[in-house]
Amino acid sequence: MEMTQLALVIDLNVCVGCHACVTSCKEWNTSGQAGSMSDDRPYGADPTGTFFNRVQTYEIGAFPNTETLHFPKSCLHCEDPPCVPVCPTGASYKRKEDGIVLVDYDKCIGCKYCSWACPYGAREIDEHQKVMKKCTLCVDRIYDQNLPEAERKPACVLACPTSARLFGDVHDPESVVSAAIRENGGYQLMPEWATKPASHYLPRRKTRIKIHADELSRADNPLKKERQLPQPGKSEPSLDDVTSW
Amino acid sequence: MHPAFSVIFLTTLIGTGQGLFLALYTGQVYAFFHLLSEQASKGFYLGGSLIALSLLIAGLIASFFHLGHPERAWRSAAKWRTSWLSREVLALPAFMGMVLLYGAAHWLDWNQPLVTIGTLTLSATMVFGALGTVLCFVLFVCTAMIYACLKFLQEWHSPLTVINYLLLGSASGFTLATAYSVYAAPELMGFYGKWAIIITLLAMVTRVASLMRNCKLKPKSTLQSAIGVRHNKIVQQAQGFMGGSFNTREFFHGKSKILLRSVKWVFLITVFVLPLLLLAGGLSTSVTVLLSAAFLVQYAGLLAERWFFFAQANHPQNLYYQAIS
């Protein structure tokens with residue numbers, strides 16, 4: 001638990017489904033250290049290609065009580081990743097120093113067994129390079145000393161216009177991601193498989209004020225501010241009658 | 001899951017090869033304990049071992065078609081401590097070597113007694129056969145555990161998967177041994193034929209048991225747990241792309257429910273019912289061509305059985321890919 005575990009926290013309350021994280025991820029990683037992420041028929045009728053990150057959309061509820069949920073989906077860098085032990089070559093591994101799950105493209109034989117062993121469908125084979133690919137948490141930029149410190153973050157995090165994506169060490173209780181999970185109800189996907197995903201999601205949150213009826217009038221009124229004042233009779237002298245200026 | 005023909009041929013071919021080896025050795029063990037008066041010729045054992053070895057090699061070749069980088073296949077022996085696939089990669093050549101050794105030892109007549117216990121004489125061929133049998137069972141377990149160890153593929157995550165691989169492979173191997181003995185050792189035809197019927201019946205019981213188990217399965221993952229939203233009515237509106245991806249190609253069989261159900265009945269008839277009738281018919285009459293037909297029908301049926309095995313498995317990642325847009 002004391003070791004570093006880098007992860008993303010994705011706030012579904014502010015994600016607007018703009019796909020900026022998808023395009024920035026593809027842009028960075030297709031031109032990064034790991035080489036290109038191949039596409040087929042990018043301008044054709046049925047384009048397909050390798051992506052590390054996707055944004056899906058769900059409709060929750062029935063009309064008129066519906067809500068749209070945009071759901072970015074990438075590797076969750078599980079603390080107990082089921083995809084790693086099944087790999088016959090050791091190409092899939094989890095880094096001890098920061099908990100990132102990576103694939104060594106030079107060792108991968110393209111047997112796809114790791115993708116079968118991931119319940120989230122986070123791994124995709126590159127149809128041209130014939131090796132398994134997945135989110136690297138931009139491992140080739142988060143440690144890059146040539147970048148300003150503020151830019152040493154995954155491309156998707158930097159691209160998000162609503163700051164729906166947070167990046168940090170979920171094992172450090174003081175980190176921005178730990179605080180977000182703790183304070184905003186962060187949860188893991190498919191907890192039933194005990195994979196312990198490091199990346200968390202923050203739920204949609206409603207801000208509501210509950211006003212009780214008795215709160216509309218003052219319960220106690222020590223200065224009698226809203227009391228009905230006694231009305232003087234018509235024959236009573238007025239203020240002008242009893243005062244002399 | 002999308003059934004891959006490379007894996008369908010791999011598992012059925014090596015299963016038959018393993019079963020054939022078990023059949024050869026079963027005959028020898030019976031003779032060893034004087035339970036079988038007929039002792040087959042050395043040519044019978046060599047020929048049988050070579051057929052078994054050819055099936056294993058054919059299966060190995062088929063497996064290469066599953067790999068993106070077959071030239072790196074040697075690397076897959078590395079992680080045998082954690083990966084059943086890696087263990088299978090080690091067990092398969094070890095077993096192939098032992099089958100070759102077993103056939104060669106018979107051909108070279110290494111039947112001189114090494115140890116004599118009363119009337120039982122233990123020879124080198126018996127020892128190689130015993131080692132081969134151990135490796136054969138290890139290989140069955142490794143192959144089946146590749147699928148059975150994936151806990152969220154609930155259709156596979158059961159001891160029945162291991163039992164079925166063992167029994168279905170053995171059934172086809174003993175049926176092949178029956179067909180082979182017609183030409184190589186007709187006196188053993190009845191012996192192998194009866195075992196083929198018994199193992200096919202056992203396999204039918206366990207395969208039907210796994211079908212019944214899978215009928216009652218309740219998926220542990222739901223769309224609610226997949227995206228973490230508590231609502232009974234959630235409908236996917238977009239999966240992030242419109243032209244398909246690895247996620248939609250690898251994990252969906254893309255066939256209709258009717259076809260899936262038809263394949264189930266086809267394999268139940270061709271793996272179990274027809275071969276049992278053909279075996280019984282071939283043994284009771286002397287129309288031996290029925291015994292060859294029994295093997296061919298059963299092997300073809302096993303291809304359908306294995307296709308169904310993959311297609312029936314429902315991967316939880318499919319929850320994320322229910323609608324294109």
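**A guided reading**

Biologist: Which element gives the most to the nonpolar patch, and with how many residues?

Modeller: Strands (E) are DSSP runs of at least two residues, and helices (H or I) are runs of at least four, numbered from the N terminus. The element that contributes most to the nonpolar patch is E1(B), with 3 residues.

Biologist: What kind of model is this?

Modeller: Residues are numbered from 1 along each chain as its sequence is written, chains are lettered from A and ligands numbered from 1 in the order in which they are written, and side-chain values use heavy atoms, leaving out hydrogens and water. Local features need pLDDT of at least 70, side-chain atom pairs count only at pLDDT 80 or more, and totals for chains, interfaces and linings use all residues, for this is a predicted model.

Biologist: What accessible area do the residues of the nonpolar patch have together?

Modeller: Such a patch joins nonpolar side chains (Val, Leu, Ile, Met, Phe, Trp, Tyr) within 5 Å, from residues with over 30% relative accessible area and no salt bridge. Here B:Leu114, B:Val115, B:Ile117, B:Val127 and B:Leu131 form it on the surface, with about 430 Å² together. Strand E1 (113-117) and helix H4 (124-148) of chain B each give two or more residues to the patch. The accessible area, found by the Shrake-Rupley method with a 1.4 Å probe, is about 430 Å².

Biologist: Is B:Ile117 buried or exposed?

Modeller: B:Ile117 lies in strand E1 of chain B. Buried means under 20% relative accessible area, exposed over 50%, and partly exposed in between (1.4 Å probe, protein chains only). At 54% relative accessibility, B:Ile117 is exposed.

Biologist: Why is H10(B) described as largely enclosed by the rest of the structure?

Modeller: Helix H10 of chain B has 24 residues, 289-312, and spans 34 Å from its first C-alpha to its last, close to the 34 Å expected. That expectation is 1.5 Å times one less than the number of residues. H10(B) is largely enclosed because, of its 24 residues, the number buried is 17.

Biologist: How many residues of chain A and of chain B take part in the contact, and which three supply 14% of the area that chain B buries?

Modeller: Contact means heavy atoms within 4.5 Å, and it takes 53 residues from chain A and 60 from chain B. Buried area is the accessible area (1.4 Å probe) that two parts lose on being put together, summed over both. The chains bury about 4,600 Å² between them, 60% of it on carbon and sulfur atoms. Supplying 14% of the area that chain B buries against chain A, more than any other three residues, are B:Phe152, B:Phe246 and B:Tyr320.

Biologist: How many salt bridges cross the interface of chain B and chain A?

Modeller: A salt bridge is a side-chain nitrogen of Lys or Arg within 4 Å of a carboxyl oxygen of Asp or Glu. A:Glu127 pairs with B:Arg249 at 3.1 Å, joining the loop between strands E8 (124-125) and E9 (132-133) of chain A to helix H8 (246-250) of chain B. A:Lys112 and B:Glu250 meet at 3.7 Å, N to O. The interface count is 2.

Biologist: How many residues apart are A:Lys206 and A:Glu67?

Modeller: These two form a salt bridge, with the closest N and O atoms 3.2 Å apart. A:Lys206 is in the loop between strand E11 (200-202) and helix H6 (239-242) of chain A, and A:Glu67 is in strand E5 (67-74) of chain A, so that the pair links distant parts of the chain, at a separation of 139 residues.

Key:
Patches are made of residues with over 30% relative accessible area and no salt bridge: like charges are joined within 9 Å, nonpolar side chains (Val, Leu, Ile, Met, Phe, Trp, Tyr) within 5 Å.
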